[in-house]
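Hi,

Here is the structure I promised to pass on. Have a look at it first, and then read my notes below.

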Amino acid sequence: MLTVINEFKFNGEYKNHKPVGDGHINDTYLVDFDTNQYVIQRINHQIFTNPVGLMENVERVTQYIKQIVIEEGGNPEREVLEIIRTQAGALYTQDPKGNYWRAYQYISNATSFNLVEDPEVFYQSGVAFGKFQYQLSEFPVETLHYTIEKFHHTPSRYITFEKTIARDPHSRAAAVQEDINFYKERADFMNILWDLHEKEKCPLK
């Protein structure tokens, strides 16, 4: 870990590092320096098979939003992720085992929720996500990489759903037949947005 940490342009004198959060895809660590705190993360390249493209996406989106936040008089240090580059100026580094690592400025006095019990917190998460989408409403989407092909392509997801039901590889379909029927009854709904996009009535965002 120290070898990886030393690859990044962190300010101050290193103190310690420890695992943080309970994400189930990437391994995340909080790194303490005497003047700053940072987050360092191992990108799971078994899932994100194009980590280079992924990080280019993150940079393009965060830089775009940062300009909007500044123009609106907001605080980019708290409202936008800040990527910490490597000593060589790259967006990521690789360790000797081929793992990809990235780093961000740590945002102090912030809280994340995996399970929401307070309706107000749930509402505010919707407000935040809506703001994020609005900030990206004019973003040039053609500049982004597809890091997981057809991840948000609902028609393809539905086809996979039907094929999996037909195979029933773990003999569990019967136990969730009511749920299966719910989706089958709404099969036509799955294609609405993509049909509109193909008819050039709904731009890709």
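**Notes on the sheet, the cores and the surface**

Ile40 stands opposite Ala103 in S5. Before I go on from that pair, a word on what you are looking at. This is a predicted model, so local features need pLDDT of at least 70 and side-chain atom pairs count only at pLDDT 80 or more, while totals for chains, interfaces and linings use all residues. Residues are numbered from 1 along each chain as its sequence is written, and side-chain values use heavy atoms, with hydrogens and water left out.

**Overall**

The protein has 7 helices and 5 strands; helices (H or I, at least four residues) and strands (E, at least two) are DSSP runs, numbered from the N terminus. Reading from the N terminus, the order of elements is α-β-β-β-α-α-β-β-α-α-α-α. The C-alpha trace spans about 60 × 45 × 35 Å along its principal axes. Of the 205 residues, 26% count as buried, where buried means under 20% relative accessible area, exposed over 50%, and partly exposed in between (1.4 Å probe, protein chains only). The accessible surface is about 14600 Å², and 52% of that belongs to carbon and sulfur atoms; accessible areas come from the Shrake-Rupley method with a 1.4 Å probe, and for residues only the protein chains shown count as cover. As for contacts (heavy atoms within 4.5 Å), residues 24 or more positions apart account for 55% of those with a separation of 6 or more.

**The sheet**

Back to the strands. They make an open sheet of 5 with the order S1-S2-S3-S5-S4 and antiparallel pairing; two strands pair if DSSP finds at least two bridges between them. S1 and S4 are the edge strands, each pairing on one side only.

Walking across the sheet:

- S1 (residues 14-19) is joined to S2 by 5 bridges, and Tyr14 has Phe33 in S2 as its bridge partner.
- S2 and S3 pair over 6 bridges, with Asp27 partnered by Arg42 in S3. These two strands form a hairpin with 3 residues between them.
- S3 and S5 are also antiparallel, joined by 6 bridges. The Ile40 and Ala103 pair I started with belongs here, Ala103 being in S5.
- S4 (residues 93-94) pairs with S5 over 2 bridges. Thr93 is partnered by Trp101, and Gln94 by Tyr100. This is another hairpin, with 5 residues between the strands, and Gly98 in its turn has a positive phi of about 90 degrees.

How much of S2 and S5 is covered? In S2, 6 of the 7 residues are buried. In S5, 5 of the 6 residues are buried, so that strand is largely enclosed by the rest of the structure.

**The cores**

The largest nonpolar core has 12 residues: Val4, Ile5, Phe8, Phe10, Tyr29, Val31, Phe33, Tyr38, Ile40, Ile84, Trp101 and Ala103. By nonpolar core I mean a set of buried Ala, Val, Leu, Ile, Met, Phe, Trp, Tyr and Cys residues joined through side-chain atoms within 4.5 Å. Helix H1 (2-5), S2 (27-33), S3 (37-43) and S5 (100-105) each give two or more residues to this core, and S2 has the largest share, with 3. A second, separate core has 9 residues, among them Ile43, Leu54, Ile83 and Tyr100.

Not counting residues up to four places away in sequence, Trp101 touches Met1, Val4, Phe8, Tyr29, Ile40, Gln41, Arg42, Tyr92, Thr93 and Asp95.

Asn57 sits in helix H2 (residues 51-71). Is Asn57 buried or exposed? Asn57 is buried, with a relative accessible area of 11%. Leaving aside neighbours within four places in sequence, Asn57 is in contact with Leu144, His145 and Thr147.

Leu196, in helix H7 (residues 192-198), is partly exposed, with a relative accessible area of 31%.

Cheers
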